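We will go from stop to stop, with something to pick at each one.

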Amino acid sequence: MASRVLSFASRRTCRVWSSARCQESRYTSSRNLNSPSKTLQYSSVAAATAPEVRADSVNGAINAPPAVHDFEDAEGLFSGLTTGELITSLFNLLLVSCEPVADLGMKALKSPLMEYAPYRVPIFKAVKRTAFSHFCAGENVAEASDTLNRMWALGLKGILDYSLEDAVNNTACDANLRQFLTTVQSTPLLPPGSISFACVKITAICPLALLERISHLLRWQHSHPAFRLPWKAEALPVLAPSSPTYHTCSEPEPLSPTEENDLISAEQRLFQLCRAGEAVSLPLLVDAEYTAVQPAIDYFIYRAFAEYNKGREPLVYGTIQAYLKDSLPRLIEASEAAKKQGISMALKLVRGAYITRESAEAKSLGAPSPVHSLITDTHSCYNACTSLMLEKVSKGKASLLLATHNFESAKLAAGKAEELGIMKRGQSGLQFAQLKGMSDSLSLGLVKAGFEVSKYLPFGPVESVMPYLIRRAEENRGMLAATFMDIERLRQVICALHIN
């Protein structure tokens, strides 16, 4: 079996590497990435291109990568995995990185025939044995516990995310809240210390239409400071002077009494989740979404900051998406206000996942895209945000989760952390994270360097996780070079075992 996988891997990795280099070459010659054809080029090298650090506006900018761990030492990185785990991981990565296979899989999953059990059942069985097992923790808490036990043995923690869709009304919000609460309250049943966060989606506990309405009102007030919002409580600023407001072209109608009640209900749901997390000492990680609703999401997050991140270890983490042009200015505005109010900034830093949607929406409204035009600008912004937050972490004023599959950004951040004397483990305020099944060599390398690392673990019934799996299949093309690195290193380890 190992020899057959190795033979296929050798041929496949050559094609993957060739494709990655080809796409990188196309990107390098491109200057504008806002057209649909160039958006693919942007995402295709997001994990492969070395960052161009231009953090002049931030003191203590990252300068040079340190020698954190030898990521080329494949046998050292994967020494904790069994031969069976190595072969299974290699096989699954080869499947998802093979575009014809990925295309066929997505076509099957999106087929209208999925409504019929004779077609759906065998498809779900095949998915569960391949993509689901590779990218997800299981269908329930018991299966997730098995996954966590294995990860814990490798020095990794887990970020629990029960897959839920956006809510359209209060009934759906209440149902989603119950699922979130069940996830949080089940953590004492899992291996002690194995969970670092539970994920929360504001779009699952507040109706989407209300988030859009609140965002319009917040943007209008940002452009017209005299505009009053009687329902608005004190919170950190959600927008910066450079933040785009093209979504809101005219003065919005005020919230109706019903909408104000729905706003209060949504806030109560979030606070109920915070109390549940507090009861089991589990921080909550709130995901970011697209810019049409992000101001409202940040408003909810910062309201929770004021209640649960003030004068104590932070309980609630927000998310900054570095591919947005205003992400660094917004971070600076919010962190300065947090300092004045005695609030501990706790953030997850990501690059972002809505490139095509953001560019298309801006174009339809006759506005420039809010997303950086060049991948190097996104890298620079990510590194500048990292540097700013690490300075605050080193002074005990902030907590940071660096979610990245980019080797260069991770190595730069690790070097900056060591330079600042930030503790690697324990109550350091710094963690790294990657998706389960992706960039495992980066995760394990950071663990071996002594850093705290978590894997993002979606779980739930296969059918409910299906939208996530489809996104992973689509986005995996955008991380071709990072996938190749794992494939090549796994191949090296299995080859060495086979020879021995």
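**Before you click**

This is a predicted model, in which local features need pLDDT of at least 70 and side-chain atom pairs count only at pLDDT 80 or more, while totals for chains, interfaces and linings use all residues. Residues are numbered from 1 along each chain as its sequence is written, and side-chain values use heavy atoms, with hydrogens and water left out.

**Stop 1: the whole protein**

Show everything as a cartoon. The secondary structure comes to 19 helices and eight strands; helices (H or I, at least four residues) and strands (E, at least two) are DSSP runs, numbered from the N terminus. Of the 500 residues, 58% are buried. Here buried means under 20% relative accessible area, exposed over 50%, and partly exposed in between, with a 1.4 Å probe and protein chains only. Among contacts between residues at least 6 apart in sequence, 81% join residues at least 24 apart, where a contact means heavy atoms within 4.5 Å.

**Stop 2: the barrel**

Now colour the strands. In what order do the eight strands close into a barrel? The order is E1-E2-E3-E4-E5-E6-E7-E8, with parallel pairing. On average, neighbouring strands of this sheet are turned by 30° against each other, direction ignored. Two strands count as paired if DSSP finds at least two bridges between them.

**Stop 3: strand E7 and its partners**

Select residues 430-435, which form strand E7. Six of its six residues are buried. Leu430, Phe432 and Gln434 lie on one side, with Gln431, Ala433 and Leu435 on the other, and both faces are covered.

Leu401 has Gln431 as its bridge partner in E7. Look for Gln434 opposite Lys455 in E8, and for Leu435 opposite Tyr456 in E8.

**Stop 4: helix H17**

Select residues 440-448. Eight of the nine residues of helix H17 are buried, so it is largely enclosed by the rest of the structure. Among the buried residues are Asp440, Leu442, Leu444 and Val447. Just after H17, click on Gly450, which takes a positive phi of about 100°.

**Stop 5: two helix pairs**

Select H11 (residues 257-279) together with H12, which spans residues 294-308. Their axes come within 11 Å and cross at roughly 45°; axes are lines fitted to C-alpha atoms, for helices over the stretch in contact, and angles run from 0 to 180 degrees between N-to-C directions. H11 and H12 are therefore oblique to each other. Angles under 35 degrees count as roughly parallel, over 145 as roughly antiparallel, 65 to 115 as roughly perpendicular and the rest as oblique. H11 passes H12 in a right-handed crossing, meaning that the near helix is turned clockwise from the far one by less than a right angle. Residues of H11 that take part in the meeting include Leu263, Leu270 and Phe271, and those of H12 include Phe300 and Tyr308.

Next, show H15 (residues 375-394) and H16 (residues 407-419), whose axes come within 10 Å and cross at roughly 20°. H15 and H16 are therefore roughly parallel to each other. This crossing is right-handed too. Among the residues that meet are Tyr382 and Leu390 in H15, and Leu412 and Ala413 in H16.

**Stop 6: the nonpolar core**

The largest nonpolar core has 136 residues, and Met345 and Phe432 have the most contacts inside it. Such a core is a set of buried Ala, Val, Leu, Ile, Met, Phe, Trp, Tyr and Cys residues joined through side-chain atoms within 4.5 Å. Helix H12 gives the most to this core, with nine residues. Centre the view on Met345: leaving out residues up to four places away in sequence, it touches Leu236, Phe305, Leu331 and Met389, among others.

**Stop 7: two loop residues**

Finish at Asn309, in the loop between H12 and strand E4 (316-321). Asn309 counts as buried, at 0% relative accessibility. The C-alpha atoms of Asn309 and Ile343 are separated by 5.6 Å, although these residues are 34 apart along the chain.
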